[in-house]
Amino acid sequence: MDDSGLPAPSAIFIEDRSTDGDTSAGVATVTVLDVAAAIGTGSAGVSAAGEAAVAERLVASFRHTGFAVITGHGVDLGLFERFCAESAAFFALPLAEKLEVGFPAPEVIRGYEPVPDDSGPVRAPNMMESLLINQLEPVDDYPDGSAQARLWRWPNLWPSRPASLRGVWEDYYRAMTALGDRLLELVALGVGLPKDWFADKFDRHFNNLAANHYPPRAGSVSGSPMLRNRPHTDHGALTLLYRPSEPGGLEVFAEGRWWQVPFVPGSLVINIGDMLERWTGGLLPATPHRVVNSADGAATGRSSVAYFQQPNPDALVAPALPVVAGRPDYSPVIAGEHISRKELGYHTVSAALDA
Ligand SMILES: O=C(O)CCC(=O)C(=O)O
Ligand SMILES: [Fe+2]
């Protein structure tokens, strides 16, 4: 056991969190994988053999659970710490000040989103507050004021306090963009596509970076239907998720049951979103996941940092591989349209209730 209270990391980590008593289902594994040989962070640098081996193991984990946990990714651990410190300082500000950078309109996913009001007869919204940014550079592909520019090209909203937040967030965004592009190359290699197959689908991306804060919750939460983050699949290509600690919250649904996603300090959780499921014809599934109310998490609160790769808004997403038997037909979708429709449901409680 390490000081997180979880068993020490191993190559394959399995924990059954099922509460339904059904032991007939298969066993799910989320692989903890050192990707240094493919990213060039190890002493040996990158070799074609190392790259191929990492790509194969990464894709094997994704095929099984839609998730992998990576170490050796080369992102400076100090950057994670600085990012989390700036974000925590922002979330500690008075609500009125945070709302100065609130979403400009319900469909404009930029800035601060408060914890929803759960005092009424609502169905479980996500019990978290978030701060979100998108592209750092202006992209001139939709006319100013058009519905598309509102959805996909709205400039970021930066809080005035803490003043040092913006620089750290921009560094973090750039680090995730570089790593995410590299991981897409590995995915392409691992599924048998040309290494650069994704490059021209992401050269006008609208990747989304969100700091999530799940505040401590008073009273008993065991048995509460109000989850911290209700079950969903991510809507983009890959999600790169950092957790500064894990009080037992993140779970993935695979093989018919819920499984805890292993926590390794300094690691990133990588998971498949809808776009990659469609592009790979269901070979790499976008698996449902959720954040539950663990007992200590309720007392201490919880933070996470999610970077969602979202392709060029006009990218056509149709299977590039044969569709796996038993999967839907994956008729083509336009990336921006699919993602924005889903994002609205995720971020807007009223829209989610109608879904
Ligand atoms: O907070 C987490 O660990 C997961 C959050 C998540 O699933 C999401 O933001 O899509
Ligand atoms: Fe998610």
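Modeller: By class, the shell around ligand 1 holds six nonpolar, five polar and two charged residues, where Ala, Val, Leu, Ile, Met, Phe, Trp, Tyr, Cys and Pro count as nonpolar, Asp, Glu, Lys and Arg as charged, and the others, Gly among them, as polar. This is a predicted model, in which local features need pLDDT of at least 70 and side-chain atom pairs count only at pLDDT 80 or more, while totals for chains, interfaces and linings use all residues. Residues are numbered from 1 along each chain as its sequence is written, chains are lettered from A and ligands numbered from 1 in the order in which they are written, and side-chain values use heavy atoms, with hydrogens and water left out.

Of the 13 residues around ligand 1, those that come nearest are Tyr-214, His-232, His-289, Arg-302 and Ser-304; a residue is near a molecule if one of its heavy atoms lies within 4 Å of it. Three of these side chains can be followed to an oxygen atom of ligand 1: a polar atom of Ser-304 lies 2.7 Å from one, an N or O atom of His-232 is 3.0 Å from one, and a polar atom of His-289 is 3.1 Å from one. Taken alone, ligand 1 exposes 290 Å², and the protein buries 97% of that, with areas coming from the Shrake-Rupley method with a 1.4 Å probe.

The elements that give two or more residues to this shell are strand 6 (208-214), strand 7 (229-232), strand 12 (289-291) and strand 13 (302-308), and strand 13 gives the most, with three residues. Strands here are DSSP runs (E, at least two residues), numbered from the N terminus.

Since His-232 lies in strand 7 and His-289 in strand 12, the pair ties together parts that are 57 residues apart in sequence. His-232 is buried, with a relative accessible area of 14%, and His-289 also counts as buried, at 6%; buried means under 20% relative accessible area (1.4 Å probe, protein chains only).

Methods:
A polar contact is a pair of N or O atoms within 3.5 Å; within protein, one must be able to donate a hydrogen and the other to accept it, and residues adjacent in sequence count only if both atoms are side-chain atoms. Helices (H or I, at least four residues) and strands (E, at least two) are DSSP runs, numbered from the N terminus. Buried means under 20% relative accessible area, exposed over 50%, partly exposed in between (1.4 Å probe, protein chains only).
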